[in-house]
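Hi,

Here is the structure I said I would pass on. Have a look at it first, and my notes follow below.

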Amino acid sequence: MQEQSLTKGDQRRQAILGMLKQKGRVSVQDIVDTLHCSEATARRDLDMLEQTDSVIRTIGGAIYDAFHTAKEVSFEEKTTLSWVEKERIAFTAATLVEEGDIIGLSGGTTTYLIAKQLKARSGITVVTNALNIAMELADSDGIQLVVAGGILRHKSYELCGPLTEKVVESLNIGKMFLGIDGFALGQGLTTHSESEAQIAKILIKRSERTFVVFDRSKVGRVSLFSIAPVASVHACITDAPLEGPLQEELRKRDIRVYVAK
């Protein structure tokens, strides 16, 4: 009786979840072939499962992540976490921006706060793939804004995918301010989203210097998808001194750490 009370969509999503639990990973094409639905329906179902179950969207499909504890939260949820610390980090980052600079801002709450700090500035160019950052700077007459369009990720407001990558690959960025979900010695810079990790790699590649911005809660945390090793960073901007082997590795590689006051 319970099976009959479910809608067709609920039944289809239960079937997809079963496929994920059994295989660990599923592609959109797998869903289309097995459940005889359209690609659009399969993608929409995966997006819905990501909101309610231990499912992480990847490029072209999803993986089951029941044992991963650091699940991605939405931008709105992140605004309740370490907001004051992130404001201090953003203020410090903004002091490193000079007139004539071409800077990059990835998605994230800290980079969004950097945008707010820069809003009244003039003579700078901002490259971003984050829709909320673009909207924040849209009415700033003194800022030339370059937006890399693509497919919107609703949790982070980042635009990702082949369209975004194609735009970024043609740009030259001076100072890149990169938000992350995890920063650890062995795994380096990590994030929850495969598509965000991919665009972050290209942003780093197209930048002269990369400033990674993160609060102390990200230190030692490892998210699912790797962006780059610690060695790819030119400087860190955080809210507390780094310690132990991570601090020693940064010192050895002459990577500067800015501690926001």
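To start with a quick one: is Asp-254 buried or exposed? Asp-254 is exposed, because its relative accessible area is 69%, and the cut-off for exposed is over 50%. Please keep in mind that this is a predicted model. Asp-254 sits in the loop between α11 (244–252) and β15 (256–259). Its phi is positive, about 60°, although Asp-254 is not a glycine.

His-36 gives a second case of a positive phi in a residue other than glycine, with a value near 55°. You will find His-36 in the loop between α3 and α4. With a relative accessible area of 71%, His-36 is exposed.

The axes of α3 (residues 28–35) and α4 come within 9 Å, and they cross at roughly 115°. The crossing is right-handed. On the α3 side, the contact is made by Val-28, Gln-29, Ile-31 and Val-32; α4 brings Glu-39, Ala-42, Arg-43 and Leu-46. By class, the residues of this contact divide into 5 nonpolar, 1 polar and 2 charged. As background to that pattern, an α-helix has 3.6 residues a turn, so residues three or four places apart point the same way.

Now the pocket. The largest pocket holds about 580 Å³ of space, and 20 residues line it. Nearest its centre are Asp-47, Arg-57, Ile-151, Arg-153 and Ser-195. Who supplies the lining? At least two residues each come from α4 (39–52), β2 (55–58), β7 (151–153), α9 (162–168) and α10 (194–205). The largest share is from α4, with 4 residues. The lining divides into 8 charged, 7 polar and 5 nonpolar residues.

Searching the whole structure turns up 2 cavities of 30 Å³ or more. The largest cavity has a volume of about 240 Å³. It is lined by 23 residues, and the closest to its centre are Gly-107, Gly-108, Gly-179, Ile-180 and Asp-181. At least two lining residues each are supplied by α7 (109–118), β9 (173–179) and α10. Here α10 has the largest share, at 4 residues. By class, the cavity lining has 8 nonpolar, 8 polar and 7 charged residues.

The buried ones are Thr-109, Thr-110, Thr-111, Tyr-112, Leu-113, Ile-114, Ala-115 and Leu-118. Leu-118 lies 23 Å from Lys-155, C-alpha to C-alpha, and the two are 37 residues apart in sequence.

Lys-155 itself is in the loop between β7 and β8 (158–160). Is Lys-155 buried or exposed? At 12% relative accessibility, Lys-155 counts as buried, because the cut-off for buried is under 20%.

Ala-62 is in β3 (residues 61–64), and at 0% relative accessibility Ala-62 counts as buried. Beyond its neighbours within four places in sequence, Ala-62 is in contact with Leu-20, Arg-25, Val-26, Leu-46, Val-55, Ile-56 and Arg-57. Among these, Leu-46 is also part of the contact of α3 with α4, and Arg-57 is one of the residues nearest the centre of the largest pocket. Pro-241, on the other hand, is 37 Å from Ala-62 in space, C-alpha to C-alpha, and 179 residues away in sequence.

Phe-225 lies in β13 (residues 225–228) and is buried, with a relative accessible area of 14%. Again leaving aside neighbours within four places in sequence, the contacts of Phe-225 include Ile-56, Thr-58, Ile-63 and Leu-189, and also the run of Thr-190, Thr-191, His-192, Ser-193 and Glu-194. Ala-197 is another of its contacts: 28 residues separate Phe-225 and Ala-197 in sequence, while their C-alpha atoms are 6.4 Å apart. Ile-56 is in contact with Ala-62 as well as with Phe-225.

Cheers

How values were computed: Residues numbered from 1 in each chain as written. Predicted model: local features only at pLDDT ≥ 70, side-chain atom pairs only at ≥ 80, totals over all residues. Heavy atoms only, no water. 1 Å grid on protein atoms, 1.4 Å probe; cavity = no way out; pocket = protein on both sides within 12 Å on 5 of 7 lines; lining within 4 Å. Points joined across faces, edges and corners; volume = space filled by probe spheres on them. Nonpolar A, V, L, I, M, F, W, Y, C, P; charged D, E, K, R; others polar. Axes fitted to C-alpha atoms, helices over the stretch in contact; angles between N-to-C directions. Left-handed = near helix turned anticlockwise from the far one by under 90°. Contact = heavy atoms within 4.5 Å. Buried < 20%, exposed > 50% of the residue type's maximum accessible area, 1.4 Å probe, protein only.
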